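Open the model in your viewer and keep the sequence panel beside it. We will go from stop to stop, selecting as we go.

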Amino acid sequence: MNLADSGILSTAMEAAGYQPVPEPEKAGVIILNTCSVREKAEVRALGRLRELSRLKRDQETCLCAIGCMAQRMGDTLIKEIPAIDFILGTERLFELPRLLAQRNGLPVVDTELGADLSWAELPPSSDNAFSVHVTISRGCNNYCAYCIVPYLRGPERHRLPKAIIEDVNHLVEKGVTEVTLVGQNVNSYESGEVSFPDLIQLVIRETDIQRIRFITSHPKDISGELISLFATEPRLMGHVHLALQSGSDRILEKMFRRYNILHFQNRIDQLRQARSDIALTTDLIVGFPTETEEEFEMTLEAVRRIHFDGAYMFRYSVRSGTWAAKNLIDDIPEADKLRRLKKLIASQKEISFEVNQEEIGRVRSVLVDGTSRRDQNVWKGKTEGNKTILFRNDDDLLGQVVPVRVLRADSWTLHGETV
Ligand code: SF4
């Protein structure tokens with residue numbers, strides 16, 4: 001969602017006459033889009049803002065903190081880092097070009113929620129010119145016990161299908177090959193009679209976009225209708241990110257996730273029936289309040305049974321203002337959280353390695369989006385399953401979709417050759 005917001009703001013800034021520069025040292029306006037989902041993300045954002053504040057050459061250079069942490073901290077952020085000129089929350093960040101034009105040297109703090117939906121009319125852009133995130137909804141109504149997002153992004157609001165189709169058509173005209181439809185919970189998308197599966201079919205029917213993805217799905221809402229699209233729509237890429245969070249029904253209930261492990265497993269089975277080689281990734285939290293060793297083992301067991309392609313794994317950290325922060329004691333010692341996390345990461349790493357070994361010999365359709373960071377002569381792209389693949393080829397393949405045979409694989413990356 002932050003990537004999508006940054007893309008929309010980029011468009012708005014360029015429309016107002018600003019140009020991107022390669023390094024912050026050269027910028028007249030320095031913008032940091034911040035995340036608040038975990039404590040660690042905020043610590044990193046604060047560190048980065050301190051670094052960036054040292055780049056303020058003069059009163060003209062402007063430092064802007066936007067997004068979730070800006071929303072949460074508001075003017076207390078200026079007390080931490082007085083060099084900041086603008087603090088704009090998740091709904092106000094698109095106002096930045098207008099506010100810059102009115103700048104009078106005084107700091108501006110605006111974290112009003114849900115006040116302005118003008119962002120909906122701005123076409124997105126992205127650093128990656130071939131694959132772009134398109135926001136379909138904002139906010140979340142789920143209020144999972146540990147999560148700060150609904151408080152920082154407000155209730156769910158859905159864009160009109162017509163505006164989304166216009167965005168995708170505009171991106172196709174600019175040469176974009178792939179769009180990712182983004183919402184905090186895409187499955188609950190609803191606009192009049194149009195559900196999320198309807199929206200995907202509209203995008204397929206009414207645009208020439210080659211590849212479509214979506215993030216993020218809530219397991220309680222992923223419908224049979226959506227799952228069946230993986231069997232019938234080849235332009236829908238074979239990857240679903242479905243956050244399990246815990247393998248224990250008791251912990252899932254305490255987290256207010258509103259599904260149990262059996263429901264989750266059923267959805268996984270249906271996805272694999274719809275498309276046998278679908279890539280599945282997940283999020284997992286260890287050390288949620290009261291989680292016992294046995295319950296942690298249930299998470300490990302679920303991970304081994306389901307065999308995810310990949311996972312984002314975290315130890316629980318208290319986010320002030322959430323239901324869990326107000327009502328549960330963070331009673332699992334940090335050392336235990338860390339030990340559980342290391343064990344889970346090691347297990348998932350082995351599973352990812354095994355899953356990727358099965359890719360060897362397969363030919364994947366790859367969107368080439370750049371070159372390897374280590375070797376500019378090696379192309380980098382994404383498979384249908386959203387896996388990074390590296391391969392050599394002397395032709396200029398940037399932005400093309402090419403067939404690549406997988407030759408070898410480690411836990412995180414595939415290596416191949418064009419066919
Ligand atoms: S579904 Fe739950 S975890 Fe996801 S954004 Fe909403 S409250 Fe947070």
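Which residue stands opposite Val286 in S14? Select both strands to find out. Val286 stands opposite Arg315 in S14.

Two notes before we move on. Residues are numbered from 1 along each chain as its sequence is written. The model is predicted, so local features need pLDDT of at least 70 and side-chain atom pairs count only at pLDDT 80 or more, while totals for chains, interfaces and linings use all residues. Helices (H or I, at least four residues) and strands (E, at least two) are DSSP runs, numbered from the N terminus.

**Stop one: strand S13**

Stay with S13, residues 279-286. S13 and strand S14 (residues 310-315) pair in the parallel sense over six bridges. Two strands pair if DSSP finds at least two bridges between them.

How many of the eight residues of S13 are buried? The count is six, so S13 is mostly covered. A residue is buried if 20 or more other C-beta atoms lie within 10 Å of its own, exposed if 12 or fewer, and partly exposed in between; C-beta atoms are placed from the backbone.

**Stop two: helix H11**

Select residues 261-274, which form helix H11. H11 has 14 residues and reaches 20 Å from its first C-alpha to its last, close to the 20 Å expected at 1.5 Å a residue. That expected span is 1.5 Å times one less than the number of residues.

Colour Ile261, Phe264, Arg267, Ile268 and Leu271: these are the buried residues of H11. They lie on the same side of H11 because they cover an arc of only 125 degrees around the axis. The arc is that of the directions from the helix axis to the C-beta atoms. An α-helix has 3.6 residues a turn, so residues three or four places apart point the same way. On the other side of H11, Leu262 and Asp269 are exposed.

**Stop three: strand S15**

Jump to S15, residues 363-371. Five bridges join S15 to strand S18 (residues 401-409), and the two run antiparallel. Val363 stands opposite Arg405 in S18. Four bridges join S15 to strand S16 (residues 378-382), also antiparallel. There Leu367 stands opposite Lys382. A hairpin of six residues joins S15 to S16.

Click Met69, in helix H3 (residues 68-73). Is Met69 buried or exposed? Met69 is buried, because 28 other C-beta atoms lie within 10 Å. Leaving aside neighbours within four places in sequence, Met69 is in contact (C-beta atoms, placed from the backbone, within 7 Å) with Thr34, Cys35, Ser36, Glu42 and Ala45.

Next, find Val37 in the loop between strand S1 (29-34) and helix H2 (39-53). Val37 counts as partly exposed because it has 19 C-beta neighbours inside 10 Å. Leaving aside neighbours within four places in sequence, Val37 is in contact with Ile148 and Val149.

Conventions: Contact = placed C-beta atoms within 7 Å.
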